[in-house]
Amino acid sequence: ALAPPGNGIDVAPDGSVCFTDIARRTIWTVEPGGEPAPLVRGTWTHALTIADDGTLFYEREEDAPGAAPCSFWRLRPGGEPDRLIPPQHDRRQFGGAAFAIDDAGNVYYPHAERNADNEWRVCLMRRTPEGDVGPFTGMGDGPLFTDGPPAEATIRIVTAMAAGPDG
């Protein structure tokens, strides 16, 4: 099957590795010294991350008439997948693809819009565990790739994200 490459791979606290396999619509896990085993089947995902408690988070493309096909899922160790964010009509609510989660459970993801000059500009959004959504940084109108205060920083493309050790 032809499919875009998945870039989701992360190491769990127990040393096992989880990775996405778009062509097989599977998230795999490999325990240290073990063989790959399916963890989640039937899932078309580009990105995933594992929290310090071993919880797997991943985005998923779903058929959703009239909505962007991105949803957001959680799989706690030993549990069943739990959809946290359904497909949305407004990609500002969840953008899919690249995302990161901090220790407080906030989800960060890019949201792209075109400016008056028809250039793509990206805003990093923050979604709280309570579901509040707002811009975190970006969408400035200066030269692209310019750092600065949140309302002035400019970003053009985000292909991956990760939370640092300090959250």
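Tutor: Helices (H or I, at least four residues) and strands (E, at least two) are taken as DSSP runs, numbered from the N terminus. This is a predicted model, in which local features need pLDDT of at least 70, side-chain atom pairs count only at pLDDT 80 or more, and totals for chains, interfaces and linings use all residues. Residues are numbered from 1 along each chain as its sequence is written, and side-chain values use heavy atoms, with hydrogens and water left out.

Arg 25 sits in the loop that joins β2 (17-21) to β3 (26-30). Buried means under 20% relative accessible area, exposed over 50%, and partly exposed in between (1.4 Å probe, protein chains only). Arg 25 counts as partly exposed because its relative accessibility is 43%.

A salt bridge is a side-chain nitrogen of Lys or Arg within 4 Å of a carboxyl oxygen of Asp or Glu. The structure holds two of them. One links Asp 21 and Arg 24, with 2.9 Å between the closest N and O atoms. Asp 21 has 12% relative accessibility and therefore counts as buried, whereas Arg 24, at 58%, is exposed. Another pairs Asp 82 with Arg 74, the closest N and O atoms lying 2.5 Å apart. Here Asp 82 is partly exposed, since its relative accessible area is 30%, and Arg 74 is buried at 17%.

Asp 102 belongs to the loop between β9 (100-101) and β10 (107-114). This residue is buried yet has no salt bridge. The nearest side chain of opposite charge is that of Arg 126, 5.8 Å away; Lys and Arg count as positive, Asp and Glu as negative, and His and the chain ends are not counted. The side chain of Asp 102 does reach the backbone nitrogen of Asn 106, at 2.9 Å.

Asp 52 is found in the loop between β5 (48-50) and β6 (56-61), and counts as exposed because its relative accessibility is 68%.

Note on methods:
Polar contact = N/O pair within 3.5 Å; in protein donor to acceptor, adjacent residues only side chain to side chain.
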